[in-house]
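Q: Before any detail is discussed, could we look at the model together and work out how its features should be read?

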Amino acid sequence: MMNMSKELIKRIKELATPIKIMHVCGSHEHTIMENGIRTLLPKEVEIVAGPGCPVCVVPSREIDECLELVEKGVTITTFGDMLRVPGSNSSLADAKAEGGDVRVVYGINKAIEIAEKEDNDVVFMAAGFETTAPTTAAEILNEPPENFSVLSCHRLIPPAIDFLINSGQTNLNALIEPGHVCTIIGTEPFKYFSTDYNIPQAVAGFNPLDILMSVYMILRQVKNGTPKIDNEYHRAVREEGNVIAQEAIKEVFQVESREWRGFPKIPNSVLDIKDEFSQYNAREKYDIEVKDVTEAPKGCICGPILRGMARPEDCKLFGNECNPLHPIGACMVSKEGTCNIAHRYAKR
């Protein structure tokens, strides 16, 4: 492995040219930081982190929706990282500390088990990208109990990348695509970034060699003038993806436009539950209406970080007022968050 790493680094240096490569995966950022990959690359080859943390991109509005449900006496279930993500004025952790029924589960199936055992209404806050949406869809198709519903916070990666390309704010030149997402949707939805925008791409796995190989593949495309999407992670990703999972998503969800944390409304970028399954849609069931949303805590630059315009070290709060034990911004909450990862590995 060491010899292969050295050979890849050598080839990368031979092909090096000024380029800004964006990835959109918290696991990729973890691998890059843990292994010091940025320090191994030529200075002109820059890798920036985009909106790859599914917890981080949940906006304040959706936290506020859950807080409204807590006030109505509904039991809220969600992943542990979601508890400390800030809403407009407080978090689910704050609501739990004040006596609200907020419970951590490891998946939607555990939330359904709670609903089956109790008379109270139970809502599962379903966060995640295309990777976790099939599980939510499958459980809804299995007809869970009447006292169970879902607040869908599922988001789609390709529309967010499209927004970043067309906004011109990030000035990205190439893309490392997320292996987990591509196992579900395949490589086809990303192809037009190369054909329409001339952007080199590579789908990458999650070990250091995967990252280095994807960088090499991208630089090789630049040298040859052949922008396309290379599949470095062919051991898990097929061009067509997981068709069964895609069909479940299409059956249960409809695509809508909604804001992400740090972004304005992104067209066709979120999944909400179709009308025929409205009895499981918490927004419809409880007629949730949130107003006067505050997007980011004062001083937090989570938005520019999620858009690849800044690094955590650029934030005045980073490592001081904002740290993993006391996160102020969403990017410091989750272990997939860019700020959380930087705090753990930057000094190393």
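**Reading the fold step by step**

A: Of the 348 residues in the protein chain of this predicted model, 57% count as buried. The secondary structure of the chain comes to 15 helices and 11 strands, and its radius of gyration is 20 Å, close to the 20 Å that the globule rule gives for 348 residues, so the chain is as compact as a globular protein of that length. Along the principal axes, the C-alpha atoms fill a box of roughly 65 × 45 × 35 Å.

Q: In what order do the strands of the open sheet of five strands lie?

A: The order is β2-β1-β7-β8-β9, and the pairing is parallel. The edge strands, β2 (45-49) and β9 (229-231), each pair on one side only, while the twist averages 25 degrees from one strand to the next. As one case of pairing, β1 (residues 19-23) and β7 (residues 174-178) run parallel and are joined by three bridges, and the bridge partner of Ile-21 in β7 is Ala-174.

Q: Which strands does helix α11 lie across?

A: Helix α11 (residues 208-224) lies across β1, β2, β7, β8 (201-204) and β9, and it runs at about 165 degrees to β8. In another helix, α2 (residues 26-34), the buried residues are Gly-26, His-28, Glu-29, Thr-31, Ile-32 and Met-33, and just after α2 comes Gly-36, which takes a positive phi of about 60 degrees.

Q: How many residues of strand β5 are buried, and which of them point one way from β5 and which the other way?

A: The general idea is that side chains in a regular strand alternate between the two faces of the sheet. In strand β5 (residues 122-128), seven of the seven residues are buried; Val-122, Phe-124, Ala-126 and Gly-128 point one way, whereas Val-123, Met-125 and Ala-127 point the other way.

Q: Which strands are joined to β5 by bridges?

A: Strand β3 (residues 75-78) runs parallel to β5 and is joined to it by three bridges, with Val-123 in β5 as the bridge partner of Ile-76. Strand β6 (residues 148-154) also runs parallel to β5, and seven bridges join the two; here the bridge partner of Gly-128 is His-154.

Q: Why does Arg-258 count as buried, and what does its side chain make a polar contact with?

A: A residue counts as buried under 20% relative accessible area, and Arg-258 is therefore buried, with a value of 10%. Arg-258 has its place in strand β10 (residues 253-259), and its side chain makes a polar contact of 3.2 Å with the side chain of Asp-272. Beyond four places away in sequence, Arg-258 touches residues including Glu-62, Ser-152, Arg-155, Ser-269 and Arg-283.

Q: Is Ser-269 buried or exposed, and where does it lie?

A: Ser-269 lies in strand β11 (residues 265-273) and counts as buried, because its relative accessibility is 0%. A polar atom of the Ser-269 side chain lies 2.8 Å from the backbone oxygen of Ile-266, and the residues that Ser-269 touches beyond four places away in sequence include Arg-155, Leu-156, Val-255, Arg-258 and Trp-260.

Key
Residues are numbered from 1 along each chain as its sequence is written. This is a predicted model: local features need pLDDT of at least 70, side-chain atom pairs count only at pLDDT 80 or more; totals for chains, interfaces and linings use all residues. Side-chain values use heavy atoms; hydrogens and water are left out. Two strands pair if DSSP finds at least two bridges between them. Helices (H or I, at least four residues) and strands (E, at least two) are DSSP runs, numbered from the N terminus. Axes are lines fitted to C-alpha atoms, for helices over the stretch in contact, and angles run from 0 to 180 degrees between N-to-C directions. Contact means heavy atoms within 4.5 Å. Buried means under 20% relative accessible area, exposed over 50%, partly exposed in between (1.4 Å probe, protein chains only). A polar contact is a pair of N or O atoms within 3.5 Å; within protein, one must be able to donate a hydrogen and the other to accept it, and residues adjacent in sequence count only if both atoms are side-chain atoms. The radius of gyration is taken over C-alpha atoms; the globule rule is 2.2 Å times the number of residues to the power 0.38.
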